[in-house]
Amino acid sequence: MIITDATNLPRLMNCNGSRLMAAALPPDTDQTARDEGNAAHWMAQQIFDGASVESLVNTKAFNGLTLTEEMAEHVVSYVSALDCGAMEVPTTHTGTGWQINGRADHIVDNTTLRTLTIDEFKYGWRIVEPENNWTLISHAVGYCKIHNFRPDRIVLRIHQPRPHHPKGKLREWVISYEQLMVFVAQIEATLSDPSDMLVTGIEWCAKC
């Protein structure tokens, strides 16, 4: 059985053979970006739950990293762009011989407008796009399966406050439920019978 997670799904979908390379990958010795991202996500959760920004600046996150004014500015920009809904939403889903573990940063399901919005907060500097983003797609698939929700409109959003981007810090991609089902078929076909082929690419080879 193939068990992966939504974060690593883009690499697996684009390069099936990467699932066989885990033992050959060098250890990640520079965890600065990961620690900053985890601290920023934690700060966002506190603010979303009602904590004041002033009470958090210059204190430490759960992982010991100091929450700076600069980080607070970026996090507030992200949280301010969110609707109601929930943070850290489970999106794990399964298929024939595979499981994709997932937890979305933020999800809103508007049953009246039949719209599902998935938000992903990326605090790092490497540009991430919402279009054809398998992580966001997986979150949408998992949420729809778990909640038996069939939205007419699915909005996949990337919030990336630090690097410059011509389209701005918040970028979105809108698809229909029918389009989502096409991606579901691709996931099922790929993970139920993956090849061993290695396919190089700038985006999914970044950490491989």
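**View 1. The N-terminal cap of helix 5.** Asparagine 133 caps the N-terminal end of helix 5, with a side-chain oxygen 3.0 Å from the backbone nitrogen of threonine 135. This is a predicted model. Helix 5 covers residues 134-147. After helix 5 comes asparagine 148, with a positive phi near 50°.

**View 2. Helix 5, length and burial.** The 14 residues of helix 5 should span 20 Å at 1.5 Å a residue. The end C-alpha atoms are 20 Å apart, which agrees. Helix 5 is largely enclosed by the rest of the structure, because 11 of its 14 residues are buried. Trp134, Thr135, Leu136, Ile137, Ser138 and His139 are among the buried residues. Ala140, Val141, Gly142, Tyr143 and Cys144 are buried too.

**View 3. Glutamate 120 in strand 6.** Glutamate 120 sits in strand 6, residues 115-121. Its relative accessibility is 10%, so glutamate 120 counts as buried. Buried here means under 20%. Leaving out residues up to four places away in sequence, glutamate 120 touches Asp105, Thr135, Leu136, His139, Arg157, Ile158 and His159.

**View 4. The largest nonpolar core.** This core has 32 residues. Leu116, Ile118, Ile137, Leu156, Leu180 and Ile187 touch the most other members. Helix 1, strands 4, 5 and 6, helix 5, strands 7 and 8, and helix 6 each supply at least two residues. Helix 5 gives the largest share, seven residues. Another core, of 18 residues, lies apart from this one; Ala40, Leu56, Ala72 and Val79 are among its members.

**View 5. Leucine 180 and its contacts.** Leucine 180 touches Ile137, Ala140, Val141, Cys144, Ile154 and Ile175, not counting residues up to four places away in sequence. Ile137, Ala140, Val141 and Cys144 are buried residues of helix 5.

**View 6. Aromatic pairs at phenylalanine 183.** The model has four aromatic pairs. Tryptophan 134 and phenylalanine 183 pair edge-to-face, 5.3 Å centre to centre, with 90° between the planes. This pair links distant parts of the chain: tryptophan 134 is in helix 5 and phenylalanine 183 in helix 6, 49 residues apart. Both tryptophan 134 and phenylalanine 183 are buried. Tryptophan 173 and phenylalanine 183 also form an edge-to-face pair, at 6.0 Å centre to centre and 70° between the planes. Here tryptophan 173 is in strand 8, and 10 residues separate it from phenylalanine 183 in helix 6. Tryptophan 173 is buried as well.

**View 7. An aromatic cluster.** Tyr78, Phe121 and Tyr123 form one aromatic cluster.

Notes. Residues numbered from 1 in each chain as written. Predicted model: local features only at pLDDT ≥ 70, side-chain atom pairs only at ≥ 80, totals over all residues. Heavy atoms only, no water. Helix = DSSP H or I, 4+ residues; strand = E, 2+ residues; numbered from the N terminus. Expected span 1.5 Å × (residues − 1). Buried < 20%, exposed > 50% of the residue type's maximum accessible area, 1.4 Å probe, protein only. Polar contact = N/O pair within 3.5 Å; in protein donor to acceptor, adjacent residues only side chain to side chain. Contact = heavy atoms within 4.5 Å. Core = buried A, V, L, I, M, F, W, Y, C linked by side-chain atoms within 4.5 Å. Phe/Tyr/Trp six-rings, centres within 6.5 Å; stacked < 30°, edge-to-face > 60°.
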